[in-house]
Protein chains: 2
Amino acid sequence: MVPEAERRRRRPTRQGQVLSETLIVETALRMLHEHGSAGLTARRLGTALGADPSTVYRYFAGLDGLTRAIGEELMGRALDTWAATGDWRADLRALGLAIHASYLAHPQAAVLTASRVTGRPREIEVDETILGILRGAGFTDTDAVAVYHAFIDLALAFAALDAGALALKDEARERDEQMWTSTYARLPGTTHPHIAATAPLLAERMNRSAYPTVLGTLLDGAAARLAGAHRRGRTGQGRSRGSGAGRADAEDAERVRSLS
Amino acid sequence: MVPEAERRRRRPTRQGQVLSETLIVETALRMLHEHGSAGLTARRLGTALGADPSTVYRYFAGLDGLTRAIGEELMGRALDTWAATGDWRADLRALGLAIHASYLAHPQAAVLTASRVTGRPREIEVDETILGILRGAGFTDTDAVAVYHAFIDLALAFAALDAGALALKDEARERDEQMWTSTYARLPGTTHPHIAATAPLLAERMNRSAYPTVLGTLLDGAAARLAGAHRRGRTGQGRSRGSGAGRADAEDAERVRSLS
DNA sequence: TCCTTATGCCAACGCTGTAGACGTTAAGCC
DNA sequence: GGCTTAACGTCTACAGCGTTGGCATAAGGA
């Protein structure tokens with residue numbers, strides 16, 4: 001296995017294809033679209049590329065390495081469709097939606113990659129951008145990191161969740177989506193009063209992503225914290241209850257972490 | 001395949017095991033712990049059960065059916081460790097953390113199931129409980145459904161994301177966790193000023209789950225909306241900007257949905 | 001005790017990811 | 001232009017996978 005940058009001899013395949021990392025990644029994305037998230041196999045990828053299956057292993061450390069490269073590509077695409085305006089709130093919202101949308105444009109790929117951290121260049125670029133927006137907006141470093149953490153994990157988590165729903169093959173997805181009008185809407189009010197009372201609302205809402213809503217709430221919370229910090233800065237007063245990211249949450253986070 | 005409730009003839013395995021859905025689910029959970037999230041195979045499960053691999057197919061519709069049953073089991077366990085107090089905010093927080101914790105107690109299983117909706121009894125029970133808490137707290141049906149949607153998807157999304165990190169085998173996880181002290185902390189301030197400036201804070205924070213923080217923010221937003229609704233109820237005034245779940249978000253959600 | 005059929009077992013099919021040896025051919029140098 | 005060298009595509013093989021259909025058998029109702 002040789003890193004892409006050091007490749008010198010580009011020798012065509014028996015069928016005439018000249019391979020490269022990006023060609024393989026793009027072919028893999030197309031295959032994921034056509035054959036579903038379980039349809040990315042070395043052999044199929046080989047035939048699609050006009051090359052022997054094992055050739056892929058000269059470019060990536062197993063299919064897992066290819067998967068990480070795909071994630072990096074999706075992150076890069078998100079960044080490319082986004083442009084800063086200077087309004088931190090609008091910029092973060094747009095960036096979050098861009099990441100989410102970029103992954104959901106390839107749900108079958110997103111399922112495989114959204115919960116992996118690659119640490120590759122474009123991903124780092126996104127992180128740097130987010131931190132820059134927050135620090136530029138006047139957040140303290142501590143707050144900026146806290147909001148960044150919540151922001152990026154929220155985007156990835158919802159990308160993975162929503163991609164999972166979209167990645168189901170049509171038939172299965174239809175069945176899943178109809179669950180709110182079939183299973184849930186038919187529960188009797190005697191045993192499930194609250195579901196029964198809200199069934200139409202549920203059917204209308206549950207097949208959409210909750211991400212935009214939650215993202216809005218998160219940014220509201222961040223804005224409140226920013227305002228609070230400014231107020232404290234002027235008055236020298238202690239922090240208010242506010243955003244719910246205080247001591248108790250840190251303890252929860254620690255507890256959660258040590259669960260494994 | 002016969003539903004568990006109608007099973008009459010319980011015939012022991014050649015090795016003496018008497019099978020049942022719950023025995024299989026529990027064995028599968030144990031195997032996931034021992035062999036990782038890719039370690040649940042029909043053949044291995046068979047040997048672990050002291051039975052032929054194909055026997056599992058008499059109890060579940062393929063490994064996929066087994067997977068859904070595992071998800072249902074985890075959801076049930078979350079509900080069992082939780083008790084209502086009457087304080088809607090505390091109750092929701094505790095329930096969210098319980099779901100998150102239940103999945104993270106079996107990260108390898110959570111990876112497989114957290115983004116699947118099963119529509120099975122214990123899952124419905126959780127949904128009914130959440131809606132009950134919200135409607136009991138005085139939310140309108142519309143608001144209750146909106147908060148419910150955000151709440152449950154948030155819990156599942158973070159369960160999946162955090163489980164993904166925990167499910168990596170020790171060696172890989174350690175490498176992942178050290179990325180914040182190795183890769184990120186070493187980026188030069190000239191190219192990545194914001195990451196460089198916050199590197200210690202990042203290293204301290206990024207290996208914990210952001211879920212408790214985000215959950216807190218979500219509940220804060222919900223509380224604000226509840227207070228706003230009450231105020232509107234008294235004064236008859238229109239809704240304020242507030243929680244960020246207004247018209248614009250609904251449009252975003254629709255846009256996102258039609259992406260596929 | 002007998003009959004039915006649920007249920008466990010077996011064998012087989014067509015896949016999978018990946019390792020290692022092999023041979024061809026492009027690149028770099030003179 | 002010709003030579004050398006090793007990068008890179010190809011071939012072969014292995015061990016394992018999910019799943020299915022047929023078969024034997026024993027459990028439970030009569």
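Which helix of chain A holds both E177(A) and R173(A), and how many residues apart do they lie? Both residues belong to helix α8 of chain A, where they are four residues apart, about one turn of the helix. The model is predicted, so that local features need pLDDT of at least 70 and side-chain atom pairs count only at pLDDT 80 or more, whereas totals for chains, interfaces and linings use all residues. Residues are numbered from 1 along each chain as its sequence is written, chains are lettered from A and ligands numbered from 1 in the order in which they are written, and side-chain values use heavy atoms, with hydrogens and water left out.

Chain A contains eleven helices and zero strands, where helices (H or I, at least four residues) and strands (E, at least two) are DSSP runs numbered from the N terminus. Of its 260 residues, 52% count as buried; buried denotes under 20% relative accessible area, exposed over 50%, and partly exposed the range in between, with a 1.4 Å probe and protein chains only. Among the contacts in chain A (heavy atoms within 4.5 Å) with a separation of 6 or more, 67% are accounted for by residues 24 or more positions apart.

The two protein chains meet through 75 residues of chain A and 75 residues of chain B. About 6900 Å² is buried between chain A and chain B, and carbon and sulfur atoms give 66% of this area; buried area is the accessible area (1.4 Å probe) that two parts lose on being put together, summed over both. E128(A), H149(A) and H194(A) supply 9% of the area that chain A buries against chain B, more than any other three residues. Across this interface of chain A and chain B the rule finds zero salt bridges, a salt bridge being a side-chain nitrogen of Lys or Arg within 4 Å of a carboxyl oxygen of Asp or Glu. The largest share of the side of chain A that touches chain B, 15 residues, comes from α7(A). By class, that side of chain A has 36 nonpolar, 22 polar and 17 charged residues, with Ala, Val, Leu, Ile, Met, Phe, Trp, Tyr, Cys and Pro taken as nonpolar, Asp, Glu, Lys and Arg as charged, and the others, Gly among them, as polar.

G119(A), in the loop between α5 (107-113) and α6 (121-137) of chain A, touches I124(A) as well as M179(B), T183(B) and Y184(B), when residues up to four places away in sequence are not counted. G119(A) counts as buried because its relative accessibility is 16%.

DNA strand C is surrounded by 28 residues, of which R11(A), R43(A), R9(B), S54(B) and R58(B) are the closest; a residue is near a strand if one of its heavy atoms lies within 4 Å of it. Sugar or phosphate provides 48% of the atoms of DNA strand C within 4 Å of the protein, and bases provide the rest. Phosphate oxygens of DNA strand C lie 3.1 Å from a polar backbone atom of L63(A) and 3.2 Å from a polar side-chain atom of R7(B). Helices α2 (42-49) and α3 (62-80) of chain A each supply at least two residues of the surface near DNA strand C.

Around DNA strand D there are likewise 28 residues, with R9(A), R58(A), R11(B), A42(B) and R43(B) coming nearest. A backbone N or O atom of D52(A) lies 2.7 Å from a phosphate oxygen of DNA strand D. Base atoms of DNA strand D are also approached, a base nitrogen being 2.8 Å from an N or O atom in the side chain of S54(A) and a base oxygen lying 2.6 Å from a polar side-chain atom of R11(B).

Over all chains, 20 salt bridges are found. E177(A) and R173(A) form one of them, with the closest N and O atoms 4.0 Å apart, and E177(A) is partly exposed at 27% relative accessibility. R77(B) and E73(B) meet in a salt bridge of 2.7 Å, N to O.

Definitions and conventions: A polar contact is a pair of N or O atoms within 3.5 Å; within protein, one must be able to donate a hydrogen and the other to accept it, and residues adjacent in sequence count only if both atoms are side-chain atoms.
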